[in-house]
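The sequence and structure come first.

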Amino acid sequence: MKTVRRSEDRGHFDHGWLDTRHTFSFADYYDPAHMGFRALRVINEDRVAPKRGFGAHSHRDMEILTWVVGGAVEHRDSMGNRGVVRPGEIQRMTAGTGVTHSETNPLSEELHLLQIWVLPERRGLEPGYEQRSFADADRRGRLLRVASPDGGGGAVLVHQDASLLTTLLGAGERVAHPLAPGRHAWLQLVRGEVDVLGERLRAGDGLAVSDEPEIEIVARAPAEALLFDLA
């Protein structure tokens, strides 16, 4: 079973300094038909103007992943962490019992990022932070695991039975990911154009998959994709 979530059907708000698109219900965007998928609760695609950003604000009881597509985001939080996340890097923040943080664009160019929220395995976790970098060569033409429940292989640790994989594909290249019985997947196409399970996906499109033994991604043009393997 598969369901396509088209880019143009997402919630969209242009705040001037922020152009944002919500795959699932978020903030002022509410659609009871799109409240998340399995433990995946939020996929926001944000474009942030130079020298602007999100001031200090708080979260709790959520696993928050940040994936930068272009530019850079500067992160500061109440745990004392401070860092800059760039393309090819992933940031994981466990909000747990409560964290205050800010995210700003320190550059003179636009910041393009995906912010992802995953429901944690339980409430009240101790807050935590990780940031890891991955070479493009390690995900070119293959799927690379960048977040997982055990944090193995250099991936950041997510407190949920969920993994995030990413790939860079040239035109004509293909990769496949097996889905164990009872597992589900969400594919988010970051850029390019691909064919998946008989569906044509373009940048910003998402695909929910259940009851399939395998997902094969075939690039029709150079592409970048995120694949979530979910309980």
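## Aromatic pairs

W117 counts as buried at 14% relative accessibility (buried is under 20% relative accessible area, exposed over 50% and partly exposed in between, with a 1.4 Å probe and protein chains only). The model is a predicted one, in which local features need pLDDT of at least 70 and side-chain atom pairs count only at pLDDT 80 or more, while totals for chains, interfaces and linings use all residues. Residues are numbered from 1 along each chain as its sequence is written, and side-chain values use heavy atoms, with hydrogens and water left out.

Rings of Phe, Tyr and Trp (its six-membered ring) pair if their centres lie within 6.5 Å, and planes under 30 degrees apart count as stacked, over 60 as edge-to-face and the rest as tilted. The count comes to four aromatic pairs. In one of them, the ring centres of F26 and W117 are 5.3 Å apart with their planes at 75°, so this pair is edge-to-face. It links distant parts of the chain, with F26 in the loop between strand 3 (18-22) and strand 4 (40-48) and W117 in strand 11 (residues 111-118), 91 residues apart (strands are DSSP runs of E with at least two residues, numbered from the N terminus). F26 is partly exposed, at 23% relative accessibility.

F37 and W186 form a tilted pair, 5.8 Å centre to centre with 50° between the planes. Here F37 lies in the loop between strand 3 and strand 4, and W186 in strand 17 (residues 184-196), 149 residues apart. F37 is buried at 15%, as is W186 at 4%, and F24, F37 and W186 form one aromatic cluster.

## Nonpolar cores

A nonpolar core is a set of buried Ala, Val, Leu, Ile, Met, Phe, Trp, Tyr and Cys residues joined through side-chain atoms within 4.5 Å. The largest has 26 residues, of which L40, L65, I90, L164, W186, L226 and F228 touch the most other members. Among the elements that give two or more residues to this core are strand 4, strand 11, strand 17 and strand 20 (214-230). Apart from it lies another core of 19 residues, among them L169, L189, A219 and A225.

## Salt bridges

There are 22 salt bridges (a side-chain nitrogen of Lys or Arg within 4 Å of a carboxyl oxygen of Asp or Glu). R139 and D136 meet in one at 3.5 Å, N to O; R139 is buried at 3% relative accessibility, whereas D136 is partly exposed at 36%. D136, R139, R140, R191 and E224 are linked in a network of salt bridges.

Conventions
Helix = DSSP H or I, 4+ residues; strand = E, 2+ residues; numbered from the N terminus.
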